Amino acid sequence: MRSLHVMRADFTLKREIADFGSLRIKRSFRGVGEFELHLPVKYAELIERDDIIFPPEAPHKAMMVEGIRIAMDDMTVTGCTAKGIVKRRICVPGASSEGSYGYDRIIASAETVLKHYASANCTEPESAARKISCLAIEPDEGRGRKDVPWSARFENLADVLENICIFADCGYAVTPDFVQKKMMFRYNAGRDLVNGKNRVTFSASFGNVSGATYTEDAKNHANAAYIGGAGQDENRAILGVGDA
């Protein structure tokens, strides 16, 4: 990573930065990541809140500026990955929620469910004031786990999307589309990095870990469970699971 590009949310390129001090990016497959960038103080008038920063060779690592700290000889820029734009919306039930106890409910594929909430609260909300004009959603292909049931009501959109991804074993991303000049909301199916030719191995001999520790802890181990059903006291149904 030799340089960084800085642009406004409307995709107007502001400048290329080649002499930044350090950059730490924490990415998240299902949640929203964060970053911390250290720069010379001469860039104090260049970078503003809501600017998009990205490596030109890896635009999928785009970051959104949320905080700026300026000292005498150093400037620290912090924020989230581009996915963080969804943190700015709450899942507000629309008029169609009247028959579902005030919840925005849906049962569909994982991809469709994710894009439903992104659309209803970011790109096509009932209130035009809630629309995020710089965000677009890629076409829905109905991928991922089928018949995912979900409901949302006044929860942060980022939390809702992350919980859907955990349940359906998938992810999502927001990346720049320089043709449409939009930040594109995308579905991520993920990759198998355990088996096959794409396998990733962590080893000190490969230089990708500095050390390893093995721990075995059985304090929370259980090999049987008792589940209580309907009824009260001696009339309650109890099911035991486990033979040991």
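**Aromatic rings in a predicted model**

Tutor: F154 has its place in the loop between β10 (148-152) and α2 (157-168), where helices (H or I, at least four residues) and strands (E, at least two) are DSSP runs numbered from the N terminus. This is a predicted model, in which local features need pLDDT of at least 70, side-chain atom pairs count only at pLDDT 80 or more, and totals for chains, interfaces and linings use all residues. Residues are numbered from 1 along each chain as its sequence is written, and side-chain values use heavy atoms, with hydrogens and water left out.

Student: OK, how many aromatic pairs does the structure hold?

Tutor: There are four aromatic pairs, a pair being rings of Phe, Tyr and Trp (its six-membered ring) with centres within 6.5 Å, counted as stacked if the planes are under 30 degrees apart, edge-to-face if over 60 and tilted for the rest. The rings of F11 and F178 have centres 5.7 Å apart and planes at 75°, so this pair is edge-to-face.

Student: And which parts does the pair of F11 and F178 tie together?

Tutor: F11 lies in the loop between β1 (4-7) and β2 (13-17), and F178 in the loop between β11 (171-177) and β12 (182-188), so the pair ties together parts 167 residues apart in sequence. Ring pairs also link F11, F54 and F178 into a cluster.

Student: New topic: what lies over the face of F167?

Tutor: R145 does, at 4.3 Å from the ring centre, and the charged end of R153 sits over the ring of Y103, 5.8 Å from its centre; the criterion is NZ of Lys or CZ of Arg within 6 Å of the ring centre and within 35 degrees of the ring normal.
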